[in-house]
Amino acid sequence: MKNLFLMLGLVMVLGTATAQDTATESTKMEKVMESHDIVMDKMPTISKLMNKLQTKANASYKKKKYEDAIADLKNANQSMMTWMENFGKRFDADEMLKGKALTPKKQEWLLEEEKNVAQLDEEIDLSIAQANAVLNN
């Protein structure tokens, strides 16, 4: 899993394409990886919120609202891990890191992954907002 994080993190640093089709694929791959990076930046917030919610739950007789928010954050975190794992199964390191040309099928997958990471971002934003709302009530 750590190798996957490293590999995904390095995509933005390495490789540029020369052919127009490859450049378009690289641009799309870069866009997906930028979206991934945005979502990854939210992971520490999820951890902090889970800790705060657990503290509140431990000190409360009405634990359910805190536990529900924790579960929602855990689900969002698991969605992120699942997305990264599935993405890593679809694309090899050269495609992610060196701009290797994608097959037509992988081009379709990349479009799917672009949508998936956008949905993931929304899911994480919603779980963070709900956790903050629970903490502020």
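Mentor: Let's start with a term: buried means under 20% relative accessible area, exposed over 50%, and partly exposed in between, using a 1.4 Å probe and protein chains only. At 3% relative accessibility, Glu-113 counts as buried. Glu-113 lies in helix 6, helices being DSSP runs of H or I with at least four residues, numbered from the N terminus. Its side chain makes a polar contact with the side chain of Trp-83 at 2.7 Å; that term takes a pair of N or O atoms within 3.5 Å, and within protein one must be able to donate a hydrogen and the other to accept it, while residues adjacent in sequence count only if both atoms are side-chain atoms.

A word on the source: this is a predicted model, where local features need pLDDT of at least 70 and side-chain atom pairs count only at pLDDT 80 or more, while totals for chains, interfaces and linings use all residues. Residues are numbered from 1 along each chain as its sequence is written, and side-chain values use heavy atoms, with hydrogens and water left out.

Now the helix pair. The axes of helix 4 and helix 6 come within 9 Å and cross at roughly 165°, with axes being lines fitted to C-alpha atoms over the stretch in contact and angles running from 0 to 180 degrees between N-to-C directions. The two helices are therefore roughly antiparallel to each other, a label for angles over 145 degrees.

Technical notes. Parallel < 35°, antiparallel > 145°, perpendicular 65-115°, else oblique.
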